[in-house]
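These are my notebook entries on a structure that is new to me. I set down what I looked up, in the order in which I looked.

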Amino acid sequence: MAEILYGLAAEILKNLGSLAAQEVGSICGLSDELSKLSGTVSSIQAVLIDAEEQQQSSHEVRDWIRKLKTVFFEADDLLDDFATEVTHRKLVSKEGRRLITFN
């Protein structure tokens with residue numbers, strides 16, 4: 001399970017570094033928060049390497065990984081929402097320019 005989370009953490013870090021995330025972060029005033037989240041996910045990713053080895057013998061580690069999986073999926077969903085918002089804003093902006101051009 002920790003391997004799955006490691007991959008998901010890598011995907012989240014990629015999404016946090018994307019232009020869309022940076023653009024939405026800038027628009028919404030969340031740039032600092034996204035940067036902090038990126039650092040946190042990176043740290044968690046490092047801990048997951050150790051957790052992979054310990055999860056077989058520790059119920060506590062297994063429970064932590066299960067809870068972390070839920071949080072990671074929620075974070076991934078949030079980043080998807082950010083990307084959708086950026087796409088929406090770009091489309092609205094393009095439509096607005098077209099309307100101005102044709103009027």
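This is a predicted model: local features need pLDDT of at least 70, side-chain atom pairs count only at pLDDT 80 or more; totals for chains, interfaces and linings use all residues.

**Entry 1: overall build.** How many helices and how many strands does the secondary structure of the protein come to? I found 4 helices and 0 strands. Read along the sequence, the pattern is α-α-α-α.

**Entry 2: surface and contacts.** I then turned to the protein as a whole. Its accessible surface comes to about 7,000 Å², and carbon and sulfur atoms hold 56% of that surface. Of the 103 residues, 26% are buried. I also looked up the contacts with a separation of 6 or more, and residues 24 or more positions apart account for 72% of them.

**Entry 3: a charged patch.** Which residues form a negative surface patch? I recorded Glu74, Asp77, Asp80 and Asp81. Of these I followed up Asp77, which lies in helix α4, residues 59-102.

**Entry 4: Asp76.** I next looked up Asp76, which is also placed in helix α4. Is Asp76 buried or exposed? Asp76 counts as buried, because its relative accessibility is 15% and the cut-off for buried is under 20%. I then asked which residues Asp76 is in contact with, leaving aside its neighbours within four places in sequence. I listed Leu8, Glu11, Ile12 and Asn15.

Note on methods: Residues are numbered from 1 along each chain as its sequence is written. Side-chain values use heavy atoms; hydrogens and water are left out. Patches are made of residues with over 30% relative accessible area and no salt bridge: like charges are joined within 9 Å, nonpolar side chains (Val, Leu, Ile, Met, Phe, Trp, Tyr) within 5 Å. Accessible areas come from the Shrake-Rupley method with a 1.4 Å probe; for residues, only the protein chains shown count as cover. A salt bridge is a side-chain nitrogen of Lys or Arg within 4 Å of a carboxyl oxygen of Asp or Glu. Lys and Arg count as positive and Asp and Glu as negative; His and the chain ends are not counted. The place of a charge is taken as NZ of Lys, CZ of Arg, CG of Asp or CD of Glu. Helices (H or I, at least four residues) and strands (E, at least two) are DSSP runs, numbered from the N terminus. Buried means under 20% relative accessible area, exposed over 50%, partly exposed in between (1.4 Å probe, protein chains only). Contact means heavy atoms within 4.5 Å.
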